[in-house]
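Biologist: I want to learn how to read strands and surface patches in a model. Can we work through some cases together?

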Amino acid sequence: MTDPRHPQGPPPGGPWQGMPPQGMSPQGTPPQPSQPQDARAKAAELVDGEWHQLHPASPLLRGGLALIIFVGILFSVFRDRLIVLFVPDEFGSDFDEDPFSDFIVTQLLWVILGMIGLVLLLMLLFWIGWRVHRFRITGDAVEVQQGIFVKKHRRAPLARIQGINIQKPWFARLLGACKFEIQQAGNDSNVDLNYLSSSVADALRYEILNRASGRSTADAQRLAAERQTAAGGVVNEFLHPDAELSRVAPGSLVRIPVGRIIASSVLDGWIVWAVLYLVGTLVVTFVFQQWWVLFSMVPAAIAFFAAGMRSLGAKLRYSIAATPDGIRLAYGLASTTTEILPPGRIFALQVKQPLLWRPFGWWQVTFTRAGKTSSDGSGSSGQSQQMANFLLPVGDLRDVRTVIGLLLPELAHSPLVDQGLFGQAPDAYVVSPPRARAFRWFSVRRNGFHVHPAAFLLRHGRIWRSLQLVPGARVQSVAMQQGPIYGLARLARVQFHVPGSVLSPSIGALDQQDAATLFEHAMRTVKVAIDTDASESWAASLSRNAVLETAPAVQDGLMPAPHPGRPQWQQEPPQWQHAPQHAPQLHRPAPQPPQQWQPPAQPPQQWQPPAQPPQQWQRPATDASWQPPAADERWQRPRDEQ
Amino acid sequence: MAERIDVTGAWQRISMRYASVEAVSTVIWWLIVGVAATVPIWIVNDGDMPWWGWLPLAAAILLIVIGVVFSVLRTRTIGYLQRDDDLLVRRGMLFRRFVAVPYGRMQVVDITQGPVERMFGLKSLKFVTAAATSAITIPGMPGDTAEQLRDHLVAVSESRRAGL
């Protein structure tokens, strides 16, 4: 399956000139010696700290396309006139008189000259724009310079990278180009390298992530070699345009059948509304004999169809995998996207179950990230930006556990997740008091929270179930609120502030004592989590890396059956009671279930640092998910140095 | 009324002059609304004002009185508390809100001063974290206090910089 036309690699030249397009797309065949290394060499060339230019087709893709279409339309409009101009009186001239085209015909010379001039000017501008649009990647930052009249220079520190996307809109794919987007926190702060050659984009991403991770050169080479031996070979992008979606090691941790995706989309509340609308319209039409109503269905149908296709587009062929550089998502049918989210760049998770999914036991996992993906308005020609916020568009309980384990390994085997998804009052969660029934009609026994050292778990809803997980180290601030009505009922709401607009985790209708305790405890947990967090240069942190490298094993049938018989958590007596006052209890690491949250030893008003060093309750001894694997860097490094 | 949520500690109150700032803004706002509602009635009736034509203005004046009282009460509830690892900000009497920000999470500390605030020599301190929902403001700081607190907070957050 290697490219037959270029057995010794793409022709020499600039790093982007590897056309016809070839993905740096290792797959199951033995490694082709030259090509992946070629792509790596080119990527290495791109990160040498010098200024480089983008793919030569960029101006075309960024807006030149519209120009060509414009010229084409003009020509087709005036085709008759032009024919008559050059072939006079042969075929007659029976076009209708219209003053605008008459004017154009009488001034034809000037019009044509003006058009040619305009086109040339635009082409020149695009070309200059491409010439001055340069980027360079230095040891600690990515810099982009662009702009002809207004210069723009953007410098993005590598340590703050939130993720790297490679998007391939279908048209760019034909030209072997792709969008390369380095996400930064904040609105409109992304660094876009639009467009790069597909052949180097993947390798370039690994190079940038290598630098951002603070990984040693030896480790980086070992990883690159692993990537090659695990796969290797380059495929022809025309024949196998999506090799990098499915075949690059490591494989996807979840398999989502196409049927399930379509069925889940149909059952998602959204399409149900569409069907209701359709039925309603038909009823109105036939019962009241108002036939014109039928016409209103046309635009609505188009809108529904377009929205449905777009949401399907971001779900189809979904894969999620663990790499040493973070979680790797890939999705898309005609236009594909692959992105790598380094560790600690996912700020909150929500696991939810639309009502109609319940009979099938399906769940959806969404996440929030810092920064918004900017849709660069320049000539994307109607290709919608497909940025999924799904970590799992649809999956069963096992998939949910896998995904959670990827992000929060401490919780992978925890009964807390099960309780969060299905559980009710007497369990490890602190729930609303009975008097909150007015605010939570059905879910008063479910609506609650749990504080785990790694994350806050917020559980909502009995009919529309959802569970929010907020890693403690990612919380930006915490708020406690109480309005006048809550005040009368002695209830309160606690909110966790995270970047991004997808999720805003909060839990309402809590007893105000519980809320105050959670508020105090949350700040302490966050403090400890921040201090022990090391995701900024993630490879420097051995444990994080180890966790990521073991993550695939979680999926491959090694996940122990969570409930041998009776659920574990039901065997435990409920440890949280709504005592009138919070009786002081010793805070000690509980063996199972992990990390029962208990009221702090002292009343929250006199807050003091916890009596025990925080590391002691960082990792429960019985948590089977964390073990230093053989492939841990700690064991590898001496060998590399020899 | 039942006991409300509270966090005890050595809360720093803001200057009571901020109540005047709020009161002035309230007065200006409701006067504009009241006049804007009254003048058309006056014009439509050719200068011959019916008795109900004064109702909007009366309502505006009533709202001004309520607003002034509330601005005094509200100002008394705004405060901040510097703890070991985080800054705690509270505001609101009916709608109470406590926000805690770890020092390392503050990305930007802004000082702003509107025209009315300038008349009373007050400044507002605004904290920006990576989360847009944080929305933390301490208004009504006397000029030098605001700068001192900002410098202190910037220094502390710099020493505990904690990524995102």
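Predicted model: local features only at pLDDT ≥ 70, side-chain atom pairs only at ≥ 80, totals over all residues.

Biologist: In which sense do E14(A) and E15(A) pair, and over how many bridges?

Modeller: Strand E14 of chain A covers residues 430-431. E14(A) and E15(A) pair in the antiparallel sense, over two bridges.

Biologist: How should I read the two faces of a strand?

Modeller: In a regular strand the side chains alternate between the two faces of the sheet. Now take E15(A), residues 448-451. Gly448(A) and His450(A) lie on one side. Phe449(A) and Val451(A) lie on the other. All four are buried, so both faces are covered.

Biologist: What is the pairing between E15(A) and E16(A)?

Modeller: Antiparallel, over four bridges. E16(A) runs over residues 455-460. For one pair, look at Val451(A): its bridge partner in E16(A) is Phe456(A). E15(A) and E16(A) form a hairpin, with three residues between them.

Biologist: Now chain B. Why is strand E3(B) described as largely enclosed by the rest of the structure?

Modeller: Count the buried residues. Buried means under 20% relative accessible area. E3(B) spans residues 86-91, and five of its six residues are buried, so the rest of the structure largely encloses this strand.

Biologist: Which strands pair with E3(B)?

Modeller: E2(B), residues 79-82, pairs with E3(B) in the antiparallel sense over four bridges. Gln82(B) has Leu87(B) in E3(B) as its bridge partner. A hairpin of three residues joins E2(B) to E3(B). E4(B), residues 96-102, also pairs with E3(B) in the antiparallel sense, over six bridges. There, Arg91(B) stands opposite Arg97(B) in E4(B).

Biologist: Which residue takes a positive phi in the hairpin of E3(B) and E4(B)?

Modeller: Gly92(B), with phi near 95°. This hairpin has four residues between the strands.

Biologist: And the surface? Which residues make the nonpolar patch on chain B?

Modeller: The patch has an area of about 870 Å². Its members include Ile61(B), Leu62(B), Leu63(B), Val65(B) and Ile66(B). Val69(B), Phe70(B), Leu73(B), Leu94(B) and Phe95(B) also belong to the patch.

Biologist: Where does Leu63(B) lie?

Modeller: In helix H2 of chain B, residues 55-77.

Biologist: Why does Leu63(B) count as partly exposed?

Modeller: Check the cut-offs: partly exposed falls between under 20% for buried and over 50% for exposed. Leu63(B) has 35% relative accessibility, so this residue counts as partly exposed.

Terms used: Residues numbered from 1 in each chain as written. Chains lettered and ligands numbered in written order. Heavy atoms only, no water. Patch = residues over 30% accessible without salt bridge, like charges linked within 9 Å, V, L, I, M, F, W, Y side chains within 5 Å. Areas by Shrake-Rupley, 256 points an atom, 1.4 Å probe, with all protein chains shown as cover. Salt bridge = Lys/Arg side-chain N within 4 Å of Asp/Glu carboxyl O. Buried < 20%, exposed > 50% of the residue type's maximum accessible area, 1.4 Å probe, protein only. Pairing = 2+ DSSP bridges.
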